[in-house]
Structures are given as structure tokens and as C-alpha cells.
Amino acid sequence: MTDQTPLNGQAVPVPQPAHFAFDEESRAEIDRTLAKYPPGKQASAVLPVLYIAQRQMGRVTGSPWLPLVAMDAVADVLSMPKIRVYEVATFYTMFNLRPIGRYHLQICTTTPCWLRGSDAVVAACRRATGIKGWHETSADGLFTMSEVECLGACVNAPIVQVNDDFYEDLDHDSTLALIEALRRGEAPPPGSRAGRQNSAPTGGPATLTTLENLGPDVPADHPPAFGTARYPNPATLDVK
Ligand code: FES
């Protein structure tokens, strides 16, 4: 570690590592990412390349965060001024500017999640991890809790994002169970905890359960059954 450089008005200076270099896995991912951008427009890849740097820190140290030297490496690889990389990294909450736990519990408390019980989810997270305040890390170093704005999955509220995965339709008990599974080193499947299919209504479809009365223009056999003349099975087609 070198100096403890404060960045963007952070109250507590963060000990910074002296070096960062992209490893082979990251360099391959950067090559694939930059190939999607026109020549000379590499700076547009700053968000995904910052992610690549943050993921490498998580892989190597167990804590996905962005020290200054990693942001500098991003600036070098994209041939852009360091300050422009700092501006992006300090704007978006998904970039961690200080070390965090292995599991980043990002709890949405915006109105739809709050109305659907995010207070109980927060309480369960605090109870299961022993964390008292936001942006704190548990004593065992496994969990960091952050309060976030709408995660764009309100229909399945309340939501907790853990690292890159969404856990949905949570309540107090299912949140406790989720955190205990993570503590055991398991990888619980993301998605609804209420048995919902994606964002379909709980309990199954409530509308369009029948295709009757769709009007005179809809063929009687709509939708066509798979394997019929109107919806042939491609495997059986005689394509020359
Ligand atoms: S309000 Fe929580 S996901 Fe939108």
C-alpha cells in the first residue's frame, strides 16, 4: 500500500495499492470489448473496462473495488486523460472506490420496493450480517451493505442485488435464507423468491389466458401448434 489518497471528497482516506496491471484474463476481455467500438472511439468503452478492472480486483483480492492505480490503468489502455476516468468512476454507484466484502448487498429502498417491504429486507440483512450502517462491511469481511435507488425491477419488488445478480420478491425470512446460503459458499439461483416466472404475475397469468374472441382476422388455429404446416419443426424440413 502507498498513500491514502482521498478521492472526490471521501470522508475517510482509502489505503491504495502501489501497482495494478491487467492480467491475461482481463486483457482478453478488453480486446473483445474494444473490438465492438470503431477505431479511435475506445474511450466509449470506459464503463465496461472499469468493470473489467473491478472484477479483476475481486478475483485477485476477494474485494471488487477500483483503486486509483486501476483507474489509471484503464486510462492508459483507452488513451484517455485519467481525470475523465475518475469522473466516470466517481459518478456511478456500481463502482466501489474502497474495498468491500465478497458479497455486495445492494438493497433497493425506492418507493415501490419500500411499499413492498424493503424495510423488512434491510432488517434481515442487518440481523444476518451484524452490519449497522450503510457502506459498512461485516466483521467477517463477507458482506457490504449499500442502499441503492431503483434497480429497474420494481415489478418483482423488493429487490436485493448481490454482486451482479438480482434476488427478487424477498421478505424477511427469504432474505435471511439467502444470506445464510451465501455465507455457506453456495450460489443461490437469482430471480424470484415467490415462485414467479420472470416478471409474470404471481400465481400465473391473469389475462390472455384464452385466445377466444380475438376477432375475425385471427386464424382459428392461432397460435399454430409446433410441428404443424403453419409452424413446422425446422428439424423435419427438407431444405435443399
Ligand atoms: S423501486 Fe426497487 S427496483 Fe424499482
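Hi everyone. Among contacts in the protein chain between residues at least 6 apart in sequence, 55% join residues at least 24 apart. Please keep in mind throughout that this is a predicted model. Of the chain's 240 residues, 24% count as buried.

Let me give you the layout. The secondary structure comes to 7 helices and 7 strands. Reading from the N terminus, the order of elements is β-β-α-α-α-α-β-α-α-β-β-β-α-β.

Just after H2 comes Gly-62, which takes a positive phi of about 85°.

Which residues of H2 are buried? They are Val-46, Val-49, Leu-50, Ile-52, Ala-53, Gln-54, Gln-56 and Met-57. As a reminder, an α-helix has 3.6 residues a turn, so residues three or four places apart point the same way. You can look for that spacing in the list on your screens. The cover over the buried residues of H2 includes helix H1 (24-34), helix H3 (68-78) and H4.

Now for H2 and H4 as a pair. Two packed helices are described by the angle between their axes and the distance between the axes. Here, the axes of H2 and H4 (residues 82-91) come within 11 Å and cross at roughly 75°. Angles of 65 to 115 degrees count as roughly perpendicular, so that is how H2 sits relative to H4. On the H2 side we have Val-46, Leu-47 and Leu-50, and they meet Val-85, Val-88 and Ala-89 in H4. By type, the residues of this contact divide into 6 nonpolar, no polar and no charged.

Why does Gln-56 count as buried? Because it has 21 C-beta neighbours inside 10 Å, and the cut-off for buried is 20 or more. Leaving out residues up to four places away in sequence, Gln-56 touches Phe-22, Asp-23 and Ser-26. Take Ser-26: it is 30 residues from Gln-56 along the chain, yet their C-alpha atoms are separated by 6.9 Å.

On to the sheet. Strands of a sheet pair through backbone hydrogen bonds, either parallel or antiparallel. In our model there is an open sheet of 5 strands with the order E4-E3-E5-E6-E7, and the pairing is mixed. At the edges are E4 and strand E7 (191-192), each of which pairs on one side only. Helix H6, residues 118-129, packs on this sheet and touches E3, E4 and E5. The direction of H6 makes about 155° with that of E3.

If you zoom in on E3, you can see both kinds of pairing. Strand E3 (residues 103-108) runs parallel to strand E4 (residues 143-148), and 6 bridges join them. Strand E5, residues 160-162, runs antiparallel to E3, with 3 bridges between them. In that pairing, Leu-105 stands opposite Val-162 in E5.

Finally, a few backbone details for those of you who like to check torsions. Most residues other than glycine have a negative phi, and most peptide bonds are trans. Where does this chain depart from that pattern? The peptide bond from Ala-157 to Pro-158 is cis, with omega near 0°. Pro-158 is found in the loop between E4 and E5.

Then there is His-135, which is not a glycine but has a positive phi, near 65°. His-135 is found in the loop between H6 and E4. Is His-135 buried or exposed? His-135 is exposed, with 12 other C-beta atoms within 10 Å.

Asn-198 is another one to look at: not a glycine, and with a positive phi of about 50°. You'll find Asn-198 in the segment after E7. Asn-198 is exposed too, because 9 other C-beta atoms lie within 10 Å of its own, and 12 or fewer counts as exposed.

Terms used: Residues numbered from 1 in each chain as written. Predicted model: local features only at pLDDT ≥ 70, side-chain atom pairs only at ≥ 80, totals over all residues. Axes fitted to C-alpha atoms, helices over the stretch in contact; angles between N-to-C directions. Helix = DSSP H or I, 4+ residues; strand = E, 2+ residues; numbered from the N terminus. Parallel < 35°, antiparallel > 145°, perpendicular 65-115°, else oblique. Contact = placed C-beta atoms within 7 Å. Nonpolar A, V, L, I, M, F, W, Y, C, P; charged D, E, K, R; others polar. Pairing = 2+ DSSP bridges.
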